[in-house]
Amino acid sequence: MLAKYATDSDFQDILCRFIFGEVFDQVSLDINQRKLITLIVIVTSQTLPQLKAHARTALSSGLTPVEMQVP
């Protein structure tokens, strides 16, 4: 079964604008907070194919696995 974002261009557009627009435009958030929000959105919207790449990027930018865990 394909993820909704893969077959719904409107959903994909909203997702991209939220993650790479609204979230990254928030100057009150530091880069790690932005990356955590991105990971949360990816998981909750079930865009799991993107999770591996974003998790790797978050880890390489300084987030720890503990910080990425759900409390």
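What does the chain average in pLDDT, and what share of the residues score at least 70? The average is 77, and 83% of the residues reach that score. pLDDT is the predictor's confidence in each residue, from 0 to 100.

This is a predicted model, so local features need pLDDT of at least 70, side-chain atom pairs count only at 80 or more, and totals for chains, interfaces and linings use all residues. Residues are numbered from 1 along each chain as its sequence is written, and side-chain values use heavy atoms, with hydrogens and water left out.

Confidence is lowest in helix H1, residues 4–7, at a mean of 56. It is highest in helix H5, residues 65–68, at 90. Helices here are DSSP runs (H or I, at least four residues), numbered from the N terminus.

Now helix H3, residues 31–44. Arg34, Lys35, Thr38, Leu39, Val41 and Ile42 are buried there. They cover an arc of only 165 degrees around the axis, which puts them on the same side of H3. That arc is taken from the directions from the helix axis to the C-beta atoms. On the other side, Ile40 and Thr44 are exposed. Buried means under 20% relative accessible area, exposed over 50%, with a 1.4 Å probe and protein chains only.

Look at Lys35. This residue is buried yet has no salt bridge (a side-chain nitrogen of Lys or Arg within 4 Å of a carboxyl oxygen of Asp or Glu). The nearest side chain of opposite charge, Asp30, is 9.7 Å away. What does Lys35 touch, not counting residues up to four places away in sequence? Thr57, Ala58, Ser61 and Leu63, with contact meaning heavy atoms within 4.5 Å.

Note on methods. Helices (H or I, at least four residues) and strands (E, at least two) are DSSP runs, numbered from the N terminus. Lys and Arg count as positive and Asp and Glu as negative; His and the chain ends are not counted.
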